[in-house]
Amino acid sequence: MEPVDRPGNEPAGAPRNDGAAAEGVDDRSAAEVARYSDRLLNEGHERWEGDRCPICFLFVGLPIQKHAKMNVCCMKMVCKGCSLEARQRGLRGCPFCRTPRPSDDASQLAMVQKRVRKGDAEAMKHLGDKYFYGRLGLPKDVPRAIELWTEAAELGSVDAHYNLGFMYYRGEGVEEDKPRGICYWQQAAIKGHVFSRQSLGIAEFKRGNYELAMQHWMISAKMGYEDSLNAIKGMFMRDEATKAHYAEALRGYGDAVEEMKSHQREEATRLGGSFINTCF
């Protein structure tokens, strides 16, 4: 899923009715709302650790699905550079845990379900994705997907928080509840989830809160998300942001992208489709 325009219980650890705080309608004190808003803008400036490749420990490029592959045997997202290096060394199977790759949808599903039974949050989120899209031989079942995402979110999956935010904000598979959707995104953004931060920016922009939208996008641009950089560029071209704002976002974006580079990743990009066909 992509941020807004392009998935209840309250999220674990959320202050009461945080989504309503985003809408400006809340029975809490103004000071409490202000403190949480300040926290939202001052935390989550570093990407969450789950975005690192577990082999080279570099953050994976964005969007993650373009630059890495999820291995259902261990639920580890390994970057293409490390997958290529493993292949070149003659290693087969999962680059992280060496488990032989599943041969078909049924064996993939069995691996995921095994980890779900062990309480793996990312496996639950992944299985929810498959129900949402009707893949791996599963029927499309949005209520089941939401159920799995909710459980995964309670166990700490920020991607599940993002998906639930998308569903509630858009009213897909559930009754539309924008404050609740925003609440899920807030919880993920504080932990460094890039897409949730981008989505908060879009939501604020749609409400006319351009300064707040730009602050959210500035954070995600500095984490290496090009869509956020382009959003600030668009604001600059419409005189909604200054040249200094765009220059700051551009520098931060460039620094983040540079830190994600490696020789192996550049080689995987150069090889392109031929590498994907042999390694993925």
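Modeller: A crossing is left-handed if the near helix is turned anticlockwise from the far one by less than a right angle, and right-handed if clockwise. Here, H5 passes H6 in a left-handed crossing. This is a predicted model, where local features need pLDDT of at least 70, side-chain atom pairs count only at pLDDT 80 or more, and totals for chains, interfaces and linings use all residues. Residues are numbered from 1 along each chain as its sequence is written, and side-chain values use heavy atoms, leaving out hydrogens and water.
Colleague: Which residues make the contact of H5 and H6?

Modeller: From H5, Leu109, Val112, Arg115 and Val116; from H6, Ala123, Met124, His126 and Leu127. Contact means heavy atoms within 4.5 Å.
Colleague: Switching topic: how many aromatic pairs are there?
Modeller: Ten. Rings of Phe, Tyr and Trp (its six-membered ring) pair if their centres lie within 6.5 Å; planes under 30 degrees apart count as stacked, over 60 as edge-to-face and the rest as tilted. One of them is Tyr168 with Tyr184, stacked at 6.0 Å centre to centre and 15 degrees between the planes.
Colleague: Where do Tyr168 and Tyr184 sit in the chain?
Modeller: Tyr168 is in helix H8 (residues 158-170) and Tyr184 in helix H9 (residues 178-190), 16 residues apart. Helices are DSSP runs (H or I, at least four residues), numbered from the N terminus.
Colleague: And is Tyr184 buried or exposed?
Modeller: Buried, with a relative accessible area of 2%; buried means under 20%, exposed over 50%, partly exposed in between (1.4 Å probe, protein chains only). Tyr168 is buried too, at 7%.

Terms used
Helix = DSSP H or I, 4+ residues; strand = E, 2+ residues; numbered from the N terminus.
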